[in-house]
Amino acid sequence: MGYRAYRLKDFWQRRRMLSAAAIQARAVHERELRVIVSTTHEHTRTETLAEGSDQDMGPGQLEDIVQLIRPDGSRAESPGFDPWVADVTDDQLVDLYEDMVVIRRIDTEATALQRQGELALWAPLLGQEAAQIGSGRALRTDDFVFSSYRENGVAYTRGVDFGDMLKVWRGIASAGWDPYAIGMATPAVIIGAQTLHATGYALGCTYDGVDSVAIAYFGDGATSQGDVNEAMVFASSFQAPVVFFCQNNQWAISEPVGLQAHRHISDRAPGFGIPSMRVDGNDVLAVMAATRIALDRARSGGGPTFIEAVTYRMGPHTTSDDPKRYRPADDLEEWGRKDPISRLGRLLESRGALTGDVTKRVNDKADAVAREMRAACVALDKELDPMMVFDGVYEEPHSGLERQKSQYAAYLASFEGGEQ
Amino acid sequence: MTQMTLGGAINSGLRHALADDDKVVLLGEDIGKLGGVFRVTDKLQEEFGPRRVMDAPLAEAGIIGTAVGLAFRGYRPVCEIQFDGFIYPGFDQIVAQVAKLHYRTRGKVKVPITIRVPFGGGIGAVEHHSESPEAYFAHTAGLRVISCSNPQDAHTMIRQAIACDDPVLFFEPKRRYWLKGEVSEELGADTLPMGSARVAREGTDVTLAAYGPLVPTAMDAAAAAADDGISIEVIDLRSLSPIDFSTVEKSVRKTGRLVVTHEAAQSGGIGAEVAAAVTERCFDWLEAAPARVTGFDTPYPPAALEEAFLPDLDRLLDAVDRVMGRRNSLTGWKATA
């Protein structure tokens, strides 16, 4: 037996000791996954071979995708995915609807705060609400999120304080919140770096004998980074319980996804030995189903899973960006028809679940959140004590920095008493 | 006390760290069955199992980034970078994540990661196997950078690095791995203040500051100079971030002269920092301008040329002559003291 095989056997032995039920569940999920793989990847490959055209199989296209709610609001059947959201009641769908409306409102309010000079910058998530809510709401509190800077919707599902959400964008902190308080690392600004952190964290979960899962959020642009590819190698090699959640929003600032990939991004993962799913990222139910499948695989010792949620960044990269310079004019119209919130709204309407009372309640909640967020924002003091620049560099005293700190304190003190 | 090689002393230090704290995990290329290309992790996997001593896929960013995630989960990862020149693929994770995570989160996330790096030349190796990249890391806030020069320090300092709640770059002088010395395993992590230099030999005329592989060379220089009636005080810096300037300052105020040496290139190096700090702090005590004896501002040369590149006994003594105002290679042999 090779050494690696020995290690994996060791993992499995621990798993068996943890829960026989989990093993049983895993067998079910492996069967499920085979179905899913056969409905996505195998299909993709067959069709690719048949058509032989890169153009038709472009990484931004919506063919070969898992969809449970069509853009017109009708419910699509999917034998592989439906069982994973069979328990979701209409009331729960309304909750997901509310979440999406609220985070779109958060996004709009934060953009306004930036325009009014209260924030230095904001990275809008407009259009990506379903991808973030559908996945974020599938997580348990003991799972851990490693994200980029656009996952404010995910942060909302983790219960982040609104002031904490805005600190970075107001320029008063390098990170807003205590990662351990909400089970979410502070966002990585270096593209793709967090995927490795998720992998290491997941490995630690395995070592600790718990079934918590790490989930890494990143974009289509990040998949070109070495770190993301290395994370998939490590996750596969160590069978780490990690979910790679790629929001393919079609743009890396001005670069279209076609520059990052010639084929579906989800096609890469199987090459690393990681099963993958390609879902409609504007379909909150499909995203939730895929995330639940991936989480369940991870919890039951099945290792990593890759999800590509195909969506569209309807806004700019950040408030400093001008997408008019590069985005085709008809894209917004086309993707507007696939809007995640209105399609769920239509589904709920067709079931009589989106009554006037519900709509009012949802809008009132969004208004209240926006008010709360604005109040939290302006309450954050922009004037910090200059000595704070030294805080937290090291856990233990560092003599070189201590000297600079004391000299700067003396320098500042020299101004006390004013001009003579 | 046990006779150990420097590499064996690190091995023994790692064994203690693994035994003392089950959150300590080792991660690196070929560190398992092989025991590392320099055998520094010899038999540790056998003893502690493949979870505690993990062979990693061949990706330095992957090793460091995975260690960051493990640290998030409360582990104390010890990463081995196989050779100095292989650290650059992991550079981003080190300077952008390992170094900044504690500051970014105002200490909410602790990053007790140790990164072991066999460094320096003198072993006749091919390109990328003889470099001294320590200054990059000493220049990076949030990291601690240390380097050992003898078996006892190697043993104690690796335990100190692992016990430290800050990230530590631990530079191991690879050409001294086989240097032997007495080691007391009683001298654990808490027996040495973090970031403290060591007076390796007392003297009165010249302070010679060195670290890692050049400390034995500096000791040889001090012995040779003594024959010539010059008393050299050798300081083993041990820590490069922070640098223990109080020890250096005390010595220079006594001797009035400073020579600082390292294998790394001169410009922007540790020697420049030491010379600048000594000039700032000891200007009124200096009898001569500080002198640096370093590798040149070239890439590390092919093995057949490394003797020309590496500071050696004669180049150190030449610099000692310079700060003593004696005839030296720069004045030409006509000048006199």
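Predicted model: local features only at pLDDT ≥ 70, side-chain atom pairs only at ≥ 80, totals over all residues.

Colleague: Fine. So what do the side chains of Glu249(B) and Arg253(B) do?

Modeller: They meet in a salt bridge, with N to O at 3.1 Å. Both residues sit in helix H9 (residues 245-255) of chain B, four residues apart, which is about one turn of the helix.

Colleague: Is Glu249(B) buried or exposed?

Modeller: Glu249(B) counts as buried, at 18% relative accessibility, since the cut-off for buried is under 20%. Arg253(B) counts as partly exposed at 33%. While we're on chain B, Asp153(B), Arg198(B), Asp236(B) and Arg238(B) are joined into one network by salt bridges that share partners.

Colleague: How many salt bridges are there over all chains?

Modeller: A search of the whole structure gives 43. One of them pairs Asp208(A) with Lys23(B), at 3.4 Å from N to O. Asp208(A) is in helix H8 (residues 193-208) of chain A, and Lys23(B) is in the loop between helix H1 (6-20) and strand S2 (24-28) of chain B, so this pair joins two chains.

Colleague: And how accessible is Asp208(A)?

Modeller: Asp208(A) is partly exposed, with a relative accessible area of 28%. Lys23(B) is partly exposed too, also with a relative accessible area of 28%.

Colleague: Which residue does Arg116(B) form a salt bridge with?

Modeller: Glu172(B), and the closest N and O atoms are 2.5 Å apart. That one links distant parts of the chain: Arg116(B) is in strand S5 (residues 114-119) and Glu172(B) in strand S7 (residues 168-173), 56 residues apart. Arg116(B) is buried, with a relative accessible area of 2%, and Glu172(B) counts as buried at 0%.

Colleague: OK, new topic. How much space lies in the largest pocket?

Modeller: About 710 Å³. It has 27 lining residues, and the closest to the centre are His398(A), Gly400(A), Gln404(A), Ala138(B) and Glu273(B).

Colleague: Which elements give two or more residues to that lining?

Modeller: From chain A, helix H15 (399-413); from chain B, helix H6 (134-138), strand S12 (239-241) and helix H10 (270-282). H10(B) gives the largest share, seven residues.

Colleague: What's the lining like by class?

Modeller: There are 14 nonpolar, nine polar and four charged residues in the lining.

Methods: Residues numbered from 1 in each chain as written. Chains lettered and ligands numbered in written order. Heavy atoms only, no water. 1 Å grid on protein atoms, 1.4 Å probe; cavity = no way out; pocket = protein on both sides within 12 Å on 5 of 7 lines; lining within 4 Å. Points joined across faces, edges and corners; volume = space filled by probe spheres on them. Nonpolar A, V, L, I, M, F, W, Y, C, P; charged D, E, K, R; others polar. Salt bridge = Lys/Arg side-chain N within 4 Å of Asp/Glu carboxyl O. Buried < 20%, exposed > 50% of the residue type's maximum accessible area, 1.4 Å probe, protein only.
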